[in-house]
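Visitor: Hi, could you walk me through this one? I'd like to talk about charges and contacts.
Guide: Happy to, let's bring it up.

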Amino acid sequence: MESPTGENMVALTESMERMESRLEAAAALVERAATLLEERESSMSGEVRKIVAAVETSREAELQKKLDAAEQQIAELRAEIETKPEAQPETHAPSARRTVPASTAQFLAKQGLSTLESVEAGALDAALNGLSLEQRIAVKAQLLRAGVVS
Amino acid sequence: MKLEAMAVTLPEVAGHPNRAPFTGVLTLVDEPSTKPPSGARGHRVILTRRAALSALPSLLGMAVDYAPSWDGHDSRRKCGIITHADVEGSRLLVAGYLFAKDFPEVERQVRQGVPGTMGMSWELADAHVEDMRAEIWTLTRATFTGAAILLREKAAYRNTSFELAAARCRSTMTRLAPAECVQAGATGHSRDRARVAFPKRPLRKEQTWNHQQAKTWSR
């Protein structure tokens, strides 16, 4: 059996323990509040890359409006793409191969390049050797468009 | 009145054909702009005195430019250089040279135009805004990257000005400071030099000038 003094001591200890836990909780709350305030302050302040102390001209305002509209459109398109991921493979499908113009095919055939499925760079350069620079560029551009060379 | 000054000293060249000394009020410190500056997303701004003083060194050696329509900046038309910058009261005063031979149209506009119609505008980079949500942005830190000569009505601050010295082809420093202060390439931070660079206007003249500016603005 405990003495009255011992009971008092136990009660006091329990009370102190409760107070300690409450103080700890309060300290945690204060810390959280401080963090929130810091975050809020940093979100309120900001950097501006360039400011000019001249009033905005109507042209600048117009351009700004156009820029805002374009940015909004980009954001909408992005959101649309993100919401339809299944549509992406179709958009990335390879483009259909075009044909080489008949005159170019004939010329290359005369030079010994009868098949255009795969043309080696060396063979092509040798075949185009007799042409002027502009003609060589034109032929290569046609082959590039047709997907024969890359 | 508190005066903070800073200057880049240039060597004296008597009768220089391409130097036309100018003085001007670039902006007001600790006062909100009359109109929202370009790039401030519709907010008027206050450049704090502290920010302006910290940024004074960045202003020296910067160019003044102009746009042919006199309504803004064109950084590819640099027609002069700032060599002095002072904060006197609430006014940030600047002085320097206009390249008058290279840009006769600028000199013509300033000299032959209606007095008091020309003003100045600063260009700031990396400006720190204290509270982006405030109606009037307070700029607490910034770097001056240039200035422009423009019509006062096109400036965000109403009380700016730009004036060319009456006599051309004289060194600003010679006109404004003792010859022994003039050293090529040296920088100075002198209150006395600034006092001679920007002599106080007589009170009555100041009042008349302000009145004229207010009238011009109201028009």
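Visitor: Which residue does A:Glu47 form a salt bridge with?
Guide: A:Glu47 pairs with B:Arg141, and the closest N and O atoms are 2.8 Å apart. A salt bridge here is a side-chain nitrogen of Lys or Arg within 4 Å of a carboxyl oxygen of Asp or Glu. A:Glu47 lies in strand S1 of chain A and B:Arg141 in strand S9 (residues 136-151) of chain B, so the pair joins two chains. Helices (H or I, at least four residues) and strands (E, at least two) are DSSP runs, numbered from the N terminus.

Visitor: Before we go on, what should I know about the model and the numbering?
Guide: This is a predicted model, where local features need pLDDT of at least 70 and side-chain atom pairs count only at pLDDT 80 or more, while totals for chains, interfaces and linings use all residues; side-chain values use heavy atoms, with hydrogens and water left out. Residues are numbered from 1 along each chain as its sequence is written, and chains are lettered from A and ligands numbered from 1 in the order in which they are written.

Visitor: Back to that pair. How exposed is A:Glu47?
Guide: A:Glu47 counts as partly exposed, at 43% relative accessibility. B:Arg141 also counts as partly exposed, at 47%. Buried means under 20% relative accessible area, exposed over 50%, and partly exposed in between (1.4 Å probe, protein chains only).

Visitor: How many salt bridges are there between chain B and chain A?
Guide: The count between them is one salt bridge. Over all chains the count comes to five.

Visitor: And what does the rest of that interface look like?
Guide: 31 residues of chain B are in contact with 16 residues of chain A, contact meaning heavy atoms within 4.5 Å. The two chains bury about 1,900 Å² between them, 53% of it on carbon and sulfur atoms. Buried area is the accessible area (1.4 Å probe) that two parts lose on being put together, summed over both.

Visitor: What about B:Glu123, where is that found?
Guide: B:Glu123 sits in strand S8 (residues 118-129) of chain B. B:Glu123 is buried yet has no salt bridge, and the nearest side chain of opposite charge, A:Lys50, is 4.2 Å away. For charge, Lys and Arg count as positive and Asp and Glu as negative, with His and the chain ends not counted.

Visitor: Which residues does B:Glu123 touch?
Guide: Leaving out residues up to four places away in sequence, B:Glu123 touches residues including A:Lys50, A:Ile51 and A:Val52, along with B:His73 and B:Phe144.

Visitor: Okay, inside chain B now. What does B:Arg111 form a salt bridge with?
Guide: B:Arg111 pairs with B:Glu107, the closest N and O atoms being 2.9 Å apart. They are four residues apart in helix H2 (residues 104-112) of chain B, so about one helical turn separates them. B:Arg111 is partly exposed at 35%, whereas B:Glu107 is buried at 10%.

Visitor: And B:Glu88 with B:Arg91, buried or exposed?
Guide: Both count as buried, B:Glu88 at 9% relative accessibility and B:Arg91 at 15%. Their side chains meet in a salt bridge (3.8 Å, N to O).

Visitor: Last topic: which element of chain A has the lowest mean pLDDT?
Guide: Helix H3 (residues 88-91) of chain A, with 52, while strand S1 (residues 46-55) of chain A has the highest, 91. pLDDT is the predictor's confidence in each residue, from 0 to 100. Where pLDDT is low, the predicted coordinates should not be read in detail.
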